[in-house]
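These are my notes from an afternoon of looking things up in one structure. I put down each point as I came to it.

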Amino acid sequence: MTDQAPPNITGERRELISFRVGQQEYCVDIMAVREIRGWSPATALPQSPGYMRGVINLRGAVLPIMDLAVRLGMPMVEPTVRNVFIVVKADDRTIGLLVDAVSDILSITDDLVQPTPDVACDRVRNFIRGIISLDGRMISEISLDRLLPEREAVAA
Amino acid sequence: MDELEAIKVTFFQECEELLADLEGGLLAMQDGTDDGDTVNAVFRAVHSIKGGAGAFGLEPLVRFAHVFETLLDALRSNEIPSTQDLIAVLLRASDVLADHVSSARGLGMVDDAVSAAMAAELKAWTDPSYAAPPAPEPGVPVEAAAPVPFVMEPEESLEDDDLGFDFQPMTITIDEQAATVFQAIGDAWTVSIRPKSDLYRKANETALLLRELARLGPIQATLDDSALPTLEFLDPEAAYVTWTVRLETEQDEAAIREVFEFVDGDCELEIVRGEAPVDQALAALLNPVETAPAPEPELTIAPPVVEQPIIAPPVVEAVAPAPVSAPAPAAPPVAANAPAAAVAAKAQQIEVPGPGQSVIRVDPERIDRLIDLVGELVINQAMLAQRVGEYGIAPSSNLAMGLDELEQLTREIQDSVMAIRAQPVKSVFQRMPRLVREVANMTGKQARLVMDGENTEVDKTVIERLADPITHMLRNAIDHGLETPEERKAAGKNPEGVVRLAALHRSGRIVIEVQDDGRGINRERVLSIAVKKGLISPEIQLTDEEIDNLIFLPGFSTADKISDVSGRGVGMDVVKRSVQALGGRISIASRPGLGSTFTLSLPLTLAVLDGMVIDVAGETLVVPLAAIVESLRPKAEEVRPLGPVGAVLAVRDSFVPLIDVGLTLGYRDTSPSPTEGVVLLVEGEDGSRAALVADAIHGQRQVVIKSLEQNYQQVEGVAAATILGDGRVALILDVDAVIGLRRREPPRSADPTLIAAE
């Protein structure tokens, strides 16, 4: 996707939506976000990894919901009505990311994005494109195309 | 370039329709149900394919179409009589033409040898001299004496490349010569043709027109190139020349005009009875064009002149026409006549069963989108109704009544939208006559295909998947069902076997029947083969019906020798599996000596599905109704443990493995006793049975199928998803996968009541 440009391209201002997962802050490119909705119970999918919460009906389309906390290796917390999911388009698929809350919209240039430090575990490093330091906050940008499991790998 | 590609796509779409028309017309001629226009329609189909192909420079296609067209043309002008033999040849030629079209499209290859042989055969029909010693063509005497610069002879031009890019040099007579030496035998006509550049642009060509004219009788064509500018002023794409043709024919003006049917509007045409001095005719034709470039009629018709002496046609337009004392209405000026004639010509064209008329081409994606939207509307409506019910609003209130009406409208919309996508099975059926011919040829049998119910409509999603099973069944019917002509004669039957292919609607499903009048299934042999191949145990007693159905077993083949057509033992079981994958069923009925009937029943659409809504471990699931044999509440004594963890259900003397859906799908770790729930007896695609244990059944419902793969991926055990009336997503169970999962998965619990194990 166009919004997945390498982080070292500078100059262009981009807008990101930041949100909280547990005590941490993450963000995704605003161009990938379709909408943000309140949590509603999902239909569980059998034979699926734990981070797949199931599927919901989004105006007639079957939308898979991914628990971002679990995907990032944090413990699963039963969602409440205060949780929201962010509907994003990654590759040609549309999925919902279950997060705790949406915080704000950031406008940044790519030179603000720092590479992910080595300390993080491999899984997290894989999902994170870079880290943005803003007003003393640390916000990690999610690499959407890596979140969903490969279709072929699972189908095989 | 893209634009050209787009036009090409349209051309190939039209080709499909034209080929269908062609075959349909030929079949009508074969059955004797044709009318006078059928042969014309058939000719036009081939001609249009040729024309389009010419525009795209598809040489092999054009060349073959041309030979084909020539023969059809001879047929249409009654030069050769229509016989069953000829039509059989034409049908085979239409197959080759279809091959050429596919090859031009980049799908498959044409067998050049077959094509060449076919072309030669076609040529031999039109021109016996092609195969035999040359004999003068009766209709076209060659006037050796006449000072004819250019005598068109069909035979000669046949050899020419039809695209006409390689014009043969032609001599041109001087005007006065042409005017003089005509012998006045028969009825003479003078036809002046002044092509417009459009004519060439549409891949037509005057040489073809002249040849068509030559079919009507001997012609003498004169070319007037006086309008041709010098080279420096020459527009290579413009048309400058005018032909004047003297034609002797018995035919009337309409016949001559018909020759120009395809170039209507693309050339100025003047047909005069009698022998007009060429220069006058030319003047008549050229003057208006040169002096009055204003609105000129596209088609100019001079009123017919009665007397045969040489009479110049009235000068058109520029001068007020002199009233003609002729049968034609005297007064109206020619210019006024022309539009009327043009209209008449148009009206004639509309009768042509051409492509695209009263049909809209719509991108199927748009219709799919519409169907999705209507599906959402149905769900929304159901949700609304549920809410209204929850609020306890009286059924007689305006709100509830309005909602009822909404429901009715929604259903009607859904039906209409589905009807848009519904197509007659004709598109599949029309490929079958060719198949039957080919298979019959290959197996040395005589077969006639009778089709019924081609207009039965079914959803596009189903249509696309009908072709394979039908192909298999037809092949099977001819290869295995029908006897050889000798055997048939010996059995007192018509040597030509009849295969009937029929489509009909029955109780919300489409039923396809393939029936042959062959020998029927040889049950003894089927049984012995099945035993020999170890497919069944020799002790089992089977009913006739059960024996017949053995042919659907994988690896079964009764053919004595493996033929090209069928007999590899991958036939009927593949058919059965693909049919069952569509939620359909297939069965066979056979009477020895009288033939067999395959019956295939399929849902009308793959967009919605009839399902049983069940409850498992708090989740709602949908089980396709087609898979369910029966549902029952098991009694404790019917559930028997088998091995450490397995259990089976006794159903009327047979034992069926019990599968807890909740356990298999991972919804729960331990399963309750099957006696507390409901058991659905299901049959998998391979015929294996299983008893699925569910907590409760909510009833039968039609659900809209939604793909899981679109946004996620395939999930084992789940065929698709759907949205229920409460707006929640429910998963549609993949019965076969669930049976398969049970076999593969290790047992998850030690609970002895039930298990997933083997």
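I began with the cut-off I would need: a residue counts as buried when its relative accessible area is under 20%, and as exposed when that area is over 50%, with partly exposed in between. I also noted at the outset that this is a predicted model.

**Entry: B:Ser94 and its helix**

I looked up B:Ser94, which lies in helix H4 of chain B. Is B:Ser94 buried or exposed? Its relative accessibility is 4%, so B:Ser94 counts as buried. Setting aside neighbours within four places in sequence, I found B:Ser94 in contact with B:Leu19, B:Leu22, B:Leu26, B:Phe68 and B:Arg437.

I read off that the axes of H4(B), residues 84-104, and H17(B) come within 11 Å and cross at roughly 110°, which makes H4(B) roughly perpendicular to H17(B).

I then moved to B:Gln430, which sits in the loop between helix H16 (426-429) and helix H17 (432-443) of chain B. With 27% relative accessibility, B:Gln430 counts as partly exposed. Not counting residues up to four places away in sequence, B:Gln430 touches B:Ala20 and B:Glu23. I also noted the separation of B:Gln430 from B:Glu454, which is 24 residues in sequence and 8.4 Å in space, from C-alpha to C-alpha.

**Entry: helix H23(B)**

Which residues of helix H23 (residues 572-581) of chain B are buried? I listed B:Met572, B:Asp573, B:Val575, B:Val579 and B:Gln580. They cover an arc of only 155° around the axis, which puts them on the same side of H23(B).

**Entry: the six-strand sheet with E18(B)**

Strand E18(B) also belongs to an open sheet of six strands in the order E14-E18-E19-E17-E16-E15 of chain B, in which the pairing is mixed. Strand E14 (628-632) and strand E15 (639-642) of chain B stand at the edges with a single partner strand each, so one side of each has no neighbour in the sheet. Neighbouring strands here are turned by 35° against each other on average, with direction ignored. E14(B) and E18(B) run antiparallel and are joined by four bridges, and B:Ile628 stands opposite B:Val682 in E18(B).

**Entry: the five-strand sheet with E13(B)**

Why is strand E13 (residues 619-624) of chain B described as largely enclosed by the rest of the structure? The reason I noted is that five of its six residues are buried. E13(B) pairs with strand E12 (residues 608-616) of chain B in the antiparallel sense over six bridges, with B:Val613 opposite B:Val622 in E13(B). Two residues lie between the strands in the hairpin of E12(B) and E13(B), where B:Ala617 takes a positive phi near 50°.

I next followed E13(B) to strand E22 (residues 729-733) of chain B, to which it is joined by two bridges in a parallel run. In E22(B), the bridge partner of B:Leu621 is B:Leu731, while that of B:Val622 is B:Ile732. The open sheet that holds these strands has five of them in the order E20-E12-E13-E22-E21 of chain B, with mixed pairing. Its edge strands are E20 (696-704) and E21 (718-723), each of which pairs on one side only.

**Entry: chain A**

Of its 156 residues, 51% are buried.

Definitions and conventions: Residues numbered from 1 in each chain as written. Chains lettered and ligands numbered in written order. Predicted model: local features only at pLDDT ≥ 70, side-chain atom pairs only at ≥ 80, totals over all residues. Heavy atoms only, no water. Buried < 20%, exposed > 50% of the residue type's maximum accessible area, 1.4 Å probe, protein only. Contact = heavy atoms within 4.5 Å. Arc of directions from axis to C-beta. Axes fitted to C-alpha atoms, helices over the stretch in contact; angles between N-to-C directions. Parallel < 35°, antiparallel > 145°, perpendicular 65-115°, else oblique. Pairing = 2+ DSSP bridges.
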